Amino acid sequence: MSAYAELSVQARRLRVAVAGDTVAIGALAFLGALMLAFTWNRWGNVDNDTGYDTLAGIRVAHGQLPYVDYIYYYGPLAPLALGLFALVGGDGMMPALVFGLLVACGILAATYALARTRLEPLGAFLATALVLPVAFSSNQFSYVDPHTHSATLAVLLALLFLLCMNRFATTESRRWLGAAGLCAGLTALTRPEFAAAVLLGAIAWLWVRRRSGVARRREALVFAVPAFAIPVAVYGAFLTAVSAHRLILENLYPQEFYRAAASTMLKARVPLTTSSFLQLGVKLVLYTAAFGGALLLVRAVERRPRLHQPALVTGGIGAVLVAVASIANTGALRHGLQYAYGWIPAGAAVAAVLLVRKAWRTRDGAPESQLELGTTVVLAVVAAATYAAFYIHNFFPQMAVYALPLAAVFLASIHLRQLATSRGTALLGVAWLTFLATAGIGLALKDSRVESATVHGPGGTIAAKPEQAAVYRQALAWIERSTPPHGRILLAPQLTWLYAISERRNPLPELSLLPGTLTPAGERAAIHRLAGARVPLIVTERRTFTGYGHTYFGGSFDRDLAAWIRSNYRHAASLGSAGPTNNAVDIWLRRST
């Protein structure tokens, strides 16, 4: 083939790829606009951690720093970034929502870009479509208004790290290696599981390069300088203002909080028991057997041309029946999706081991091999942090959704590359991923319809279920008529979003008072602060915190603080149902004497 002919072939391929990307990105934009239209401002959960990081950012905008002026359990990147948005956009929910939308769109774009390094446009589209409903979901793990923006920033930085490392592998430009180190350093300012995952992914990547002989001098140094200099400089700066004990054991790893309550939730995600590992293994075996059987059936049909048309008709009828059953019984669909995604922590771990073994034996240093190993290692570490509850679109939202962008690329790569050895098996993979994406979008849209009411205040609007909105509108009315704008109130144990909606201030260094947050000494300090600030109004929730192994505020935790409130404040109103329950609060007004 002549040089001109070869260039012509390459040009045609490029035009086809660009056209495919245009269609895929256009379709994703349409689906994204649809999701935004149906879920607009329904992100987050008024009964959970929504507003935690918004409040942290507002405090930064007012000159306060995490760890120094208030307790903050995650890395400092999120509150500092949100503080900048609050400084420009003012107090309230909107600056944080704008920030969240930008991060969510960045995650979707980075997911597509990462998938395109290994898949055709259709595969990248399907991988990103799996993430789309989670990004704009109406719960506390939405990427727009998550329980903590540290998690979504960690996801985005992990994806950017992998993209930078891939560019380095393909171009050999050390600028991309330095950019990957920058992403790793910033990830260290978010969440520890992502920081560990990125670091181990980089180690595996650089090891493969050295093992295969393609590594150049000082590659590890080029990566390590920004990767370690950034966290050392940032946390070192905080250590000039607070002690190491306060920084680590009261903030980044709150020892008392974990001992008293948070360990219960941690054990639910990472129990580290023999039975939990066996259950994970069973999920992997079941998924492998089910999809392996489907592959064998497809290959058997492919070998018999006379069965092609009957198989297509049967498959179409089966797809319709599955769709009808899923719509009719969404509970069964959610239960089935536990097995569709629950095997991934084990699958990623096995794949990582196999890829390391392959790299050791073959010394393969191709850029594709480097990317495959690096991506799989990062996913394996992140997924391991929630291996026992790796559920997407579950009855109760799970933190596994933060690993979904990596898992989606992993899923698409397996089903559309490794297992797609023929036209029929490729079609099977496309059909399966299409089903997962469609199911996710459908469930997300269904969930968003539940939050049909709103709570509106000077700091913005948030959606809620009608029964929730009725209670919180009344609580907001009490706040507005009993306290001055930007005045101090206490919302306990959570309800941090209500600080932002009402544009009121929290007088305590603790952003929320989850079970275990306050030690006995901490309760006495909180009482002293509240008495000194002469807080005119306190709103307390009556819901239970069984997920933390506790009952209600004043029941199994914060008894002294609750008793002090009862002694020094007049019970003005009970809103919502009686007794310890969700969607119920008590209004307390300070006694005149």
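This is a predicted model: local features need pLDDT of at least 70, side-chain atom pairs count only at pLDDT 80 or more; totals for chains, interfaces and linings use all residues.
R218 belongs to the loop between helix 8 and helix 9. With a relative accessibility of 53%, R218 counts as exposed, because the cut-off for that class is over 50%. Most residues other than glycine have a negative phi, and most peptide bonds are trans. The peptide bond between A492 and P493 is cis, with omega at about 0 degrees. P493 is placed in the loop between strand 3 (490-492) and helix 20 (496-502).

A nonpolar patch is formed on the surface by L199, L200, I203, F228 and V232, which together have about 450 Å² of accessible area. Helix 8 (192-212) and helix 9 (219-239) each provide at least two residues of this patch, and helix 8 has the largest share, with 3 residues. Among the patch residues, L200 is a member of helix 8. L200 has a relative accessible area of 41% and is therefore partly exposed.

The largest cavity holds about 70 Å³ of space. Its lining consists of V208, L355, K358, A359, D364, S369, E372 and L373. Helix 15 (344-362) and helix 16 (367-384) each contribute at least two residues to the lining of the largest cavity. By class, the lining of the largest cavity comprises 4 nonpolar, 1 polar and 3 charged residues.

The second largest cavity contains about 40 Å³ of space. The residues T54, G57, I58, L82, A86, G92, P95 and A96 line the second largest cavity. At least two lining residues of the second largest cavity come from each of helix 2 (52-61), helix 3 (77-89) and helix 4 (94-116). Helix 2 makes the greatest contribution to the lining of the second largest cavity, with 3 residues. The lining of the second largest cavity has 5 nonpolar and 3 polar residues, and no charged residues, whereas 3 charged residues occur in the lining of the largest cavity.

Key:
Residues are numbered from 1 along each chain as its sequence is written. Side-chain values use heavy atoms; hydrogens and water are left out. On a 1 Å grid over the protein atoms alone, a cavity is a set of points where a 1.4 Å probe fits but cannot get out, and a pocket is an open set with protein on both sides within 12 Å along at least five of seven lines; lining residues have an atom within 4 Å of a point. Grid points are joined across faces, edges and corners, and a volume is the space filled by probe spheres set on the points. Helices (H or I, at least four residues) and strands (E, at least two) are DSSP runs, numbered from the N terminus. Ala, Val, Leu, Ile, Met, Phe, Trp, Tyr, Cys and Pro count as nonpolar, Asp, Glu, Lys and Arg as charged, and the others, Gly among them, as polar. Patches are made of residues with over 30% relative accessible area and no salt bridge: like charges are joined within 9 Å, nonpolar side chains (Val, Leu, Ile, Met, Phe, Trp, Tyr) within 5 Å. Accessible areas come from the Shrake-Rupley method with a 1.4 Å probe; for residues, only the protein chains shown count as cover. A salt bridge is a side-chain nitrogen of Lys or Arg within 4 Å of a carboxyl oxygen of Asp or Glu. Buried means under 20% relative accessible area, exposed over 50%, partly exposed in between (1.4 Å probe, protein chains only).
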